[in-house]
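Subject: Structure handover

Hello,

Here is the structure for you to look over. My notes on it follow below.

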Amino acid sequence: MSRRTVAELSRSLAKGEFSSTELTRDYLARIRAHNALYNAYITVTEDLALAQAAAADARRARGEHGPLTGIPLAHKDIFCIQDVLTTCGSKMLANFVAPYNATVVERFNAAGTVTLGKTNMDEFAMGSSNETSYFGPVRNPWDPERVPGGSSGGSAAAVAADLCAMATGTDTGGSIRQPAAFCGITGFKPSYGRISRWGMIAFASSLDQAGPICKSAEDAALMMNVMAGPDSRDSTCVDSAAPNYMTSLNDPLKGLRIGVPKQHLAKGLGAEVEAALQAALKVFEGLGATVKEVDLPNNHLSVSAYYVIAPAEASANLSRFDGVRYGYRCANPANLEDMYKRSRSEGFGNEVKRRIMVGTYALSAGYYDAYYIKAQQIRRLIKQDFDKAFQEVDVIIGPTTPHTAFKVGEKNDDPVTMYLEDIYTIGVNLAGLPGISIPAGSAKAPNGKPLPIGIQLVGNDFAEARVLNIAHQFQQHTDWHLQRPEV
Amino acid sequence: MVWETVIGLEVHVQLATKSKLFSGSSTTFGAAPNTQAGVYDLAMPGTLPVLNEQALRMAVKFGLAVDAEIGRRSVFDRKNYFYPDLPKGYQVSQLQFPTVGKGSLQITLEDGSEKVIGITRAHLEEDAGKSLHEDFEGLSGIDLNRAGTALLEIVSEPELRSAKEAVAYLKKLHSIIRYLGISDGNMAQGSMRCDANVSVRKLGATEFGTRTEIKNINSFRFVEKAILHEAQRQIDIIEDGGRIIQETRLYDDDRDETRSMRSKEVANDYRYFPEPDLLPIVIDEAYIESVRAELPELSIAKRARFVSQYGLSDYDAGVLSSSREMADYFEEVVKICGDAKLSANWVTGDLQALLNKSDLEIEQSPVSTQRLGALIGRIKDQTISSKIAKTVFEALLGNTHSVDEIIESQGLKQVTDTGAIEQLVDEVIAANPEQVAQFRAGKDKVFAFFIGQAMKASKGKANPEQLNALLQQKLKA
Amino acid sequence: MALERSDVEKIAHLARLHIDAAEAQEVAGRISSILALIDQMQSIDTHDVAPLAHPFDAIQRLRKDEVTEVDQREYLQKIAPATQDGLYLVPKVIE
């Protein structure tokens, strides 16, 4: 039963084919059997899960359930869950039991979902391979020699290996979409402001956005119906109510105008990924869509601008980790400055320290204009490029990543080559747009194992419903999203 | 050599909001440590700020009161530095786009002349917590109750030229924030704190000298002493051929000196950038007008009204409008007794003298508006004379008897019975034949002698007008 | 732009990070390569482009001035490294 989509599980629970408790036990057994290999979970909340499953079954018996009541999920370990260890993948928070709930967690709790645990992630969401976690790397269920992507790699691997029915993720520069592509599943980053950030540990505040990681666009719509909506505790969250994302899933695609950025088809794109993209475009044309080339002339600067803006915001966001009120404090500090410096140096990993240093440098006296202001200007140009493209097309489709999942350790020597792998996803965060990665093909690894390929669909501001509709229609006519790794 | 002191003040005013600038934690003063520090104030990971509407309104109110430009689009920034009383490792403040822009304040100097002091800006920001150094064996204890409380930082132009001017400016500011009700301005509790930028230059010079910043000044008196001391320190250094180092100094009121704060010297690079957890505040004309409509009458307008409505002298009107409490007291007394001039004389005269003597503010006055009003009422209806009223006023202190009870029990009522006064007059005339002769010979001045004698005989209680008339009549007879 | 070791030390101090003398050179190299990536931004002229600080084009929402938090000191200090008498303890703060 654990290998089905959320939509299927919801129907089975409704029909009484099995209970949430049975389903939860099944997932817990799978976690026990397979987590040692994949390292997808940092914390498994078995007691909480069984209690929530029992409560969900009781709710269903009373007829007070919604579509997600009793569905087991995993939360990325970036979301605070009250009285549950919340580490953000860092030694700094290895002992941090959160004193409050994230809004996303509260909303899922209210919907009656079952929390299986907290998933592994790159430390403070800084990474594209899940290798920066203090709790060790996550393995890709399609090929455990390879990375699952990052930073939401634990969530992606858990969904791909059926160690949960669905998972939450966060995306600052591609952290939902890239692992979804590497793990052959569906990952959706909504528009900035669509989902509350309250209780989501900040990496880069103007870029971070929570979203669903699951097996289909339909599942993403079900999750969005719970996650999206206003929150008085987040000033940057939209005030207006979210629509029902399920109602428009089956809208026809006839007349849909698809734009393909010519920059995304240029040098650097792997041949297998390009072939999968072209095949997917043919599918859309078959559904009545037209395809044209669009121009995103400044996209090549998105990675550069991002590596100023994200580290700058992060350098301030991570200043609160000082060993005073919670989290790691070094042993026997000689004085105040020693406490700060050693607690932070011992508590943070190398990638996090690098980014804090880059951000600190970019904001420091004498460099602010050349780096920070310049990056914000490029950010505007990137946003304007998207605005212009959306005057001509309804959706922009391209690859999610240039290549399929790489091997653990393969790109550790030079952080910059890893950063450049996010070239197709980062601009979408800078512009605050909704983007989904869906499986659209497969490549063969040298060892013969199939490696999934993802394509990315980007919509205009707050066009989540349309993006989910287009992705769902593709999934109604293809079966890439139904393929599962052998676990 | 004649030196001139150049001073600019940065005044931090704690706004009188119930909750903090960005969180719903209470701001009550004096609570047990860390009982008013919620998850945002403690910078728990994942927490976010939402702006307190009342804090914004108070800032705009202040801006309107000092004729300032109101920032139509103000932006919060993060000011980054590490300190244990700053939980997030950055203070949310406003750098480039403050809510209140350029304005001005008129102060009255000692010689009675007026001077306009420019206000550079006033911006909203979070207060920090407190570090406590005693009782922890080499450690410090951190209390974050105050962390996140709304502050308005009011920055003046370097246009103050003496310690006395600085105090006058500060007192005026204090009066305005109390008039507006945006802060209690209690310096002892830290709701109003002052940093002074001080430099000296030769009189007539146009360039500013190197300045130092004195922090931690927490009373009007200390402001004056700290500036005087610092200016003298700088003059001494320059006259000895030395140079002033730009630095932050701390005023120590126990020793009456300033000393260098070396710990703050290390490379201050605050790395300000726009706070991405907050969006720009946009203020439109309608908002400004709604705040303007709530503005109380401020001292300048009140002073003018006191002159026109009550016929007071400009001086009295100025004294009575100097604080909202004083003005309110005065107007309540007028309402009770119906005589503005008498009220003004009493409030600025006997009452003020009494308050000065006991070092009290008018809101602590031992004589309530009801009792003073009743007293003046009795002068007005001639129950007692002005002179006797002073006796009654003294008698009001230290008990709760009403004015009428005191007049009654001490037999202070004015004598208005014509028969009784006539008898007094007859007695005085009979006892002083020599003076009667002088008066009748044309020496008018002797008349005052008779008034004095008669008043003395009546123990001051005779109605002066009646006495006057009767004496005139009998002496001329 | 390439960073010197002294730059690294200055930034590390601002960020309150301790960098060993042994690692400073390597850190300088890695950060310099990131700065080289960043410097690609300088290839285009942006002098007339307004900076975009935030993708969400909206204005700040206001909160009613109400006390909504209750005292949770005991609970919130359970996760603190060191407290006494309700205060957070740190090495002596020198002013």
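Among contacts in chain B between residues at least 6 apart in sequence, what percentage join residues at least 24 apart? The value is 68%. A contact means heavy atoms within 4.5 Å.

Some ground rules. This is a predicted model, where local features need pLDDT of at least 70, side-chain atom pairs count only at pLDDT 80 or more, and totals for chains, interfaces and linings use all residues. Residues are numbered from 1 along each chain as its sequence is written, chains are lettered from A and ligands numbered from 1 in the order written, and side-chain values use heavy atoms, with hydrogens and water left out.

Chain B

Chain B has 15 helices and 16 strands. These are DSSP runs, numbered from the N terminus: helices are H or I with at least four residues, strands are E with at least two. The C-alpha atoms of chain B fill a box of roughly 95 × 55 × 55 Å along the principal axes. Its radius of gyration is 30 Å, while a compact globule of 477 residues would have one near 23 Å. That radius is taken over C-alpha atoms, and the globule rule is 2.2 Å times the number of residues to the power 0.38. Of the 477 residues in chain B, 55% are buried, meaning under 20% relative accessible area (1.4 Å probe, protein chains only).

Cavities

The count is 6 cavities of 30 Å³ or more. A cavity is a set of points on a 1 Å grid over the protein atoms alone where a 1.4 Å probe fits but cannot get out; lining residues have an atom within 4 Å of a point. Points are joined across faces, edges and corners, and the volume is the space filled by probe spheres set on them.

The largest cavity holds about 110 Å³. It has 14 lining residues, and the closest to its centre are A:I201, A:A202, A:R320, B:G46 and B:T47. The lining splits into 7 nonpolar, 3 polar and 4 charged. Here Ala, Val, Leu, Ile, Met, Phe, Trp, Tyr, Cys and Pro are nonpolar, Asp, Glu, Lys and Arg charged, and the others, Gly among them, polar.

The second largest cavity holds about 90 Å³. Its lining includes B:Y40, B:D41, B:K88 and B:E126.

Cysteines

There are 0 disulfides over all chains, a disulfide being a pair of cysteine sulfur atoms within 2.5 Å. The sulfur of A:C214 is 9.9 Å from its closest cysteine sulfur, in A:C164, so the two are too far apart for a bond. A:C164 is buried at 0% relative accessible area. A:C214 is also buried, at 0%.

Best wishes

Key. On a 1 Å grid over the protein atoms alone, a cavity is a set of points where a 1.4 Å probe fits but cannot get out, and a pocket is an open set with protein on both sides within 12 Å along at least five of seven lines; lining residues have an atom within 4 Å of a point. Buried means under 20% relative accessible area, exposed over 50%, partly exposed in between (1.4 Å probe, protein chains only).
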